[in-house]
Amino acid sequence: METLTPVPQSTRRRSLLCHQISVLLLTFSAYATFHASRKPPSIVKSVLGPEVAASNSSAAAADAGWPPFDGPHGPHRLGELDLAFLSSYSAGMFLAGHVGDRIDLRRFLAFGMLGSGVSTAAFGMGYWWGIHRLAFFLAVQIVSGLFQSIGWPCVVAVVGNWFGKSKRGLIMGVWTSNTSVGNILGSVVASSVLEFGWGWSFVLPGVLIIVVGAFVFAFLVVDPRDLGFESPAMDIEMNDAGNGVVESADETDGEDVGLLESEENSGLDSKEADLDSKAAIGFLEAWRLPSVAPYAFCLFFSKLVAYTFLYWLPFYIRQNAVAGKHLSHKTAGILSTIFDIGGVFGGISAGFISDSLGVRALTSVLFLLFSIPSLILYRMYGSISMHLNIGLMFLSGYFVNGPYSLITTAVAADLGTQDMIKGNSRALATVTAIIDGTGSVGAALGPLLTGYISTRGWNSVFLMLILSTSLAIMFLIHIAKAEVSSKMSERT
């Protein structure tokens, strides 16, 4: 029998690293465009909604609005628009994770991006078609939410397939900045063309996600095993010294990572292990996994806060004067990106801290605690000057998005590949969908409540956000205590 020449380890290492970088870039770009295509509704709210009571005529000329979102009940209709999208997104999230564990993730992700692009552009076409029926916009948002729900379980599952646990918090902390980068990109694009008609604010992000989806379909490799690398159950990671690939302690057969494997490593045991790793986990079984439910309900309230800012911050900035002046639609939209910039740094910091200390829940609790005074300060002093507004908005984004990013990425990946399910990588999309799907219910509730509560005053909205943050802390406090106890016992 002909003997295959082994591939040099340095070549294998470089090949693995190149493919990991490619996966990170493609999935980062994919989900960034998902979020960019979600941002237009928040940017155009101030154009669609009722006019601002201007304190200065030059910066805040009266806005006629766009029926059926104008008039005194305009904020209610805008909140219902958010509810339509986020409710279908939440429902679709559970289904998408379940389906994603059973079909080709690359094709499924590309399909979701195509559908999201078409539905986003369709909303914008309502401007040129002169549509003023609420039913049309609600229907488009429902369809868009279903397509958008495909994105997150797919990209998290793909990244989880390619990276081990040791640096997962930092890697995903950097990678999950795709949400904030997408928000920034969507805000800038939508705001820059708003003066030409609000329809363009939807069409351009819609085209963008379709183009990126074509690249994902053409180049994304879902699983390292598709290229002959080790099973994701081996928990592969690159060591700090650059000595190659290090396998986890759970690995017992001593296989090397490579593009070619010898006959000795392809026996019955490895085949059975591979089949086990591909077996999808049941929905209820995933809910029963340790810590899945507490993190899911924590994310419910965390996303309620984060998505309230995502969908209403430009409207809030437009409605509330800064240094005595109402800002233009374009300026309010671009200024809101400061919150997302803070979120980028918050997500990276949370991932780095959780990796360094090995305490995911405690890190999340600390960020949530500090977000409460940040929100209070932003509401009380953000309108005094532009500098204070920018600084406090950055601080709020930093602490609000830190735990949100950590839970939706590193924590979800950890829980989806924990020892209890024996490294079953096919459970990852299901667990991710459960956690983010539950969070998305809160994400749907926050913007809806804001649409109604804001008519009574913005202080009530911020009170709702603070109460939600406090409840998020309560769901993680027991896990955080257990982490502290574990760390203290390790030192003794």
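**Which residue forms a salt bridge with Glu80, and how far apart are the closest N and O atoms?** The partner is Arg77, with the closest N and O atoms 2.8 Å apart. Keep in mind as you look that this is a predicted model. Both Glu80 and Arg77 belong to helix 3, which covers residues 74–100. They sit 3 residues apart, about one turn of the helix. Across the structure there are 8 salt bridges.

**Close-up of helix 2 against helix 12.** Two packed helices are described by the angle between their axes and the distance between the axes. Here, helix 2 (residues 40–48) packs with helix 12 (residues 292–319) at an angle of about 30°, and their axes are 7 Å apart. That angle makes helix 2 roughly parallel to helix 12. The crossing of helix 2 past helix 12 is right-handed. To find the contact, look on helix 2 for Pro41, Ser42, Ile43, Lys45 and Ser46. On helix 12, the residues to look for are Leu310, Tyr311, Trp312, Pro314, Phe315 and Arg318. By type, the residues of this contact between helix 2 and helix 12 comprise 7 nonpolar, 2 polar and 2 charged.

**Close-up of helix 2 against helix 9.** Helix 2 also packs with helix 9, at an angle of about 170° and with the axes 10 Å apart. Helix 2 is therefore roughly antiparallel to helix 9. From helix 2, the contact uses Pro40, Pro41 and Val44. Helix 9 supplies Ser201, Phe202 and Pro205. The residues where helix 2 touches helix 9 are 5 nonpolar and 1 polar, with no charged ones.

**Close-up of helix 12 against helix 15.** Helix 15 spans residues 360–381 and packs with helix 12 at an angle of about 30°, with 13 Å between their axes. From helix 12 come Tyr295, Cys298, Ser302, Phe309, Leu313, Tyr316 and Ile317. They meet Arg360, Ala361, Leu368, Leu375, Tyr378 and Arg379 of helix 15. Sorted by type, the residues of the contact of helix 12 with helix 15 are 10 nonpolar, 1 polar and 2 charged.

**Close-up of two spots in the backbone.** Most residues other than glycine have a negative phi, and most peptide bonds are trans. With that in mind, take a look at the peptide bond from Pro67 to Pro68, which is cis, with omega near 15°. You will find Pro68 in the loop between helix 2 and helix 3. The other spot is Ala323, which has a positive phi of about 55° although it is not a glycine. Ala323 is placed in the loop between helix 12 and helix 13 (329–335).

**Close-up of confidence along the chain.** The protein chain has an average pLDDT of 81, and 78% of the residues score at least 70. Which elements have the lowest and the highest mean pLDDT? Strand 1 (residues 237–238) has the lowest, at 34, and helix 9 (residues 200–219) has the highest, at 97. For residues 54–62 the pLDDT is below 50, and this stretch has 15 contacts in the model beyond near neighbours in sequence. Residues 232–278 also stay under 50 in pLDDT, and the model gives them 78 contacts beyond four places in sequence.

Methods. Residues numbered from 1 in each chain as written. Predicted model: local features only at pLDDT ≥ 70, side-chain atom pairs only at ≥ 80, totals over all residues. Heavy atoms only, no water. Axes fitted to C-alpha atoms, helices over the stretch in contact; angles between N-to-C directions. Helix = DSSP H or I, 4+ residues; strand = E, 2+ residues; numbered from the N terminus. Parallel < 35°, antiparallel > 145°, perpendicular 65-115°, else oblique. Left-handed = near helix turned anticlockwise from the far one by under 90°. Contact = heavy atoms within 4.5 Å. Nonpolar A, V, L, I, M, F, W, Y, C, P; charged D, E, K, R; others polar. pLDDT = per-residue confidence, 0-100. Salt bridge = Lys/Arg side-chain N within 4 Å of Asp/Glu carboxyl O.
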